[in-house]
Every structure is written in C-alpha cells, then in structure tokens.
Amino acid sequence: MSEADVTQSATPAGRPDGLQGVVADFASDQRAFKNVHWGKAMMWIFLLSDTFIFSSFLISYMTVRISTVVPWPFPSDVFALHMFGADIPLILIAIMTFILITSSGTMALAVNFGYRQDRKTTTILLIVTALLGASFVGMQVFEWSKLIHEGVRPWGNPFGAAQFGSTFFMITGFHGLHVSVGVLFLFIVARKVWRGDYDNERRGYFTSRKGTYDIVESMGLYWHFVDLVWVFIFAFFYLW
Amino acid sequence: MAASANSEHQEHPLGIYFKIWFLLFVLSTLSYMVDILDLQGYLRWSLIVIFMMLKAGLIVAVFMHMVWERLAIVYAILVPPLALIVLMALMALEGDYTEVTRQLYFVFGGGG
C-alpha cells in the first residue's frame, strides 16, 4: 500500500520529518502538536491517563491471580451459556466483542463522513454506533445479573478464588461505565451534527467555542479507546 | 479528496477502514478459536497475546489515525505507557513472592 495515495501530507510546510521533526515541534516555543486540533490533543492526553487507570486494574488483577493459593475459577465454564442443548463457552463475551468491533467500524466511518460534511450519513452512523454500544451494555447487565444470581460477589464466589469476583466487577464495571458514558456522548454529538452545529460553527453551550467536525474525531478516539480496552480485558480476563 | 494545503484533519479513503474492520473480525474469531479448541499452556498464552497486540495495533494505527500523525504526538502518547511494562514486571515478581509465602505458611502450615 503506498501511503502517499492514502493520506494527505502530514508535514506542514517547511517542517522536518522524523526525529528532527519531534525536536523541532517540541522546541518551537509554539504549539507542540502541529496539525492536531487542540480538542483532539486533549482527548489523547485524557485517554493516556485512562490507559494508566485500566492498566493498573489489569495489573492488580494479574497480581491477585498470581498470588492466590486457591484455584482460579475457569472462565470458559463460568461464562458459558446454555444454548441449543449444549454449554457454549464464552459465547456471550464473543458476541459482545463482535458488537463492539462493529461499532468501532461505524464510528470510524462516521468520522470520515463528518469531514466530508455529510450531515445525514454522519448522524445515522453515530446513532448506529450508540445503539450498538447500548446493546453491549445491555448484554453486560445480563451477564452481571446471571453471575450475581449464581452467587458471585466481590468478596467470594462458589467457583474458586474470592479475588475473581472483586476483579471481575471492578474491571468490567469500569469498562461498562465508559461504554455508557460513550453512548450518551454519541447521542449528544449526533444531535449536534444533525442540527448542523459543525457546519454553522455554532458555539458550544459550555465552552462557547466554535463547533467543528474535529469534535466527531475526538468522539471517535474515545469510542475506539473503549474498544481497545475491551481487547485487553477479553484477552487477559476471559481467555487467559 | 483533494486536501487543502493547511488542512488539519484526517481524511482517508473508505477502503482502508473496511479492510481493517475485516481484519479485526478475523483476529477476534481467531482468539475465540483459541478457547473453543481448548489450547493450553504457552501455546494458548502466546496466541492470545499475539492476537491481542495485532488487534490493539490495528485499532490505534488506523482507526485512531496514529500512522498518519506527526511523531511529536505519537511519541507523547505511546512512550509513557511503556512505564507500565516495568510495573507489570515488578508486580509479577511480587505476586510470585506472595504466592510462595502463602504456600509456605497457609498451605503447609508454616515453618515457625
């Protein structure tokens, strides 16, 4: 794939590329992140801090799982669903994974159509993304109530090590909160796109700054991050 | 798709998104297969980590547009998380130590 066909030049006129570019950008005594909208830079920095939060959760999960002397519950069996006369391991988690990836795809398309100023398509894609996210949260509620019904608590469970419940509720709960907030955020952005806020540069209610389609891209970064975190949770919590 | 000279935003052909989307589906299916086929031990763990890193890389690189950004922001965002590898190594050592101590004192009744 030739990259020149795919993208416009990322290099502003007269600025070096590569490591020299890093030095030049940070040493410029102006904005360090050339070509990056301020909102997007701030979203990235927020996501960086969120990376540390989720990583701390996953690392503490690793620590308690290594250090317990009680056998860890077997995730394939704990998260199996009885369907079509057989226990299918992790089936609900697999469906949730595919739903989140699908929503990530529709989000990426929404960002793209946003920059083409295609209001209608962008709004539809954002709403589809939000509905997929809401269905993800719905399945998580189902999973939580099933486990709670089976006696899994933050302080103990019938399958093995007590730490299983505490890390499970902590990690998936915090991720589910992120998805829920993302769904609200998506509906708000979808409404603004539909109303034409980003075409008319209507000023934001709280920030009084002019709205642009860069906001859809920042929204996209958040949503992809939620998907990214799920990739790690799926690998380390459900499959390991 | 002519981009104006001082345009700041990321705009790319749709095809690349569909390709990455498809790859993410394939990789997710493969990592689910690891569980269905009931692979165990180092084979299971290495496959899980490989598929996870590939998925994470594709999402960050293409969906989050990192391959097209200038190095200044790429380094500002991707270098700090490397510190987490140190934390992970430390806590793995600590976890092992705790486990050995618990085996010694809780399970085998202790040496004192």
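**Reading a two-chain predicted model**

User: I clicked on B:Asp38 to start; is this residue buried or exposed?

Analyst: B:Asp38 counts as exposed because 9 C-beta neighbours lie inside 10 Å, and a residue with 12 or fewer is put in that class. Keep in mind that this is a predicted model.

User: Where does B:Asp38 lie in chain B?

Analyst: B:Asp38 is in the loop that links helix H1 (14-36) and helix H2 (41-63) of chain B.

User: What should I look for in backbone angles?

Analyst: Most residues other than glycine have a negative phi. B:Asp38 has a positive phi, near 60°. In chain A, A:Glu201 also has a positive phi, about 50°, although it is not a glycine.

User: Where is A:Glu201 found, and is it buried or exposed?

Analyst: A:Glu201 sits in the loop between H7 and H8 of chain A. A:Glu201 counts as exposed because it has 11 C-beta neighbours inside 10 Å.

User: Let's turn to a helix residue. What can I say about A:Val111?

Analyst: A:Val111 belongs to helix H5 of chain A. Since 29 other C-beta atoms lie within 10 Å, A:Val111 is buried. Beyond its neighbours within four places in sequence, A:Val111 is in contact with A:Val216, A:Glu217 and A:Gly220. Compare A:Thr97: A:Val111 and A:Thr97 are 14 residues apart in sequence, with 21 Å between their C-alpha atoms.

User: How do I read a whole helix, and how far does H3 of chain A reach?

Analyst: Start with the general idea: an α-helix has 3.6 residues a turn, so residues three or four places apart point the same way. Helix H3 of chain A runs over residues 38-67 and reaches 44 Å from first C-alpha to last, close to the 44 Å expected for its 30 residues. The buried residues of H3(A) are A:Lys40, A:Met43, A:Trp44, A:Phe57, A:Leu58, A:Tyr61 and A:Thr63.

User: Which elements do the buried residues of H3(A) pack against?

Analyst: They pack against helices from both chains: helix H7 (163-195) and helix H8 (214-239) of chain A, together with helix H3 (71-78) and helix H4 (83-107) of chain B.

User: How many residues does each chain give to the contact between them?

Analyst: Chain A gives 50 residues and chain B gives 53. On the side of chain A, the elements giving two or more residues are helix H2 (18-26), H3, helix H5 (91-115) and H8. That side has 29 nonpolar, 16 polar and five charged residues.

User: Now the overall picture. How many helices and strands are there in chain A?

Analyst: Chain A has eight helices and two strands, in the order α-α-α-α-β-β-α-α-α-α along the sequence. Its C-alpha atoms fill a box of roughly 65 × 40 × 40 Å along the principal axes, and buried residues make up 37% of its 240 residues.

User: How is chain A divided into domains?

Analyst: The division gives domain 1 (1-35) and domain 2 (37-239), with C-alpha centres 32 Å apart.

User: What is the mean pLDDT of chain A, and where does pLDDT stay under 50?

Analyst: The mean pLDDT of chain A is 90, and 95% of its residues reach 70 or more. Over residues 1-9 of chain A pLDDT stays under 50.

How values were computed
Residues are numbered from 1 along each chain as its sequence is written. Chains are lettered from A and ligands numbered from 1 in the order in which they are written. This is a predicted model: local features need pLDDT of at least 70, side-chain atom pairs count only at pLDDT 80 or more; totals for chains, interfaces and linings use all residues. Helices (H or I, at least four residues) and strands (E, at least two) are DSSP runs, numbered from the N terminus. The expected span of a helix is 1.5 Å times one less than its number of residues. A residue is buried if 20 or more other C-beta atoms lie within 10 Å of its own, exposed if 12 or fewer, and partly exposed in between; C-beta atoms are placed from the backbone. Two residues are in contact if their C-beta atoms, placed from the backbone, lie within 7 Å. Ala, Val, Leu, Ile, Met, Phe, Trp, Tyr, Cys and Pro count as nonpolar, Asp, Glu, Lys and Arg as charged, and the others, Gly among them, as polar. Domain bounds come from an automatic or database domain assignment. pLDDT is the predictor's confidence in each residue, from 0 to 100.
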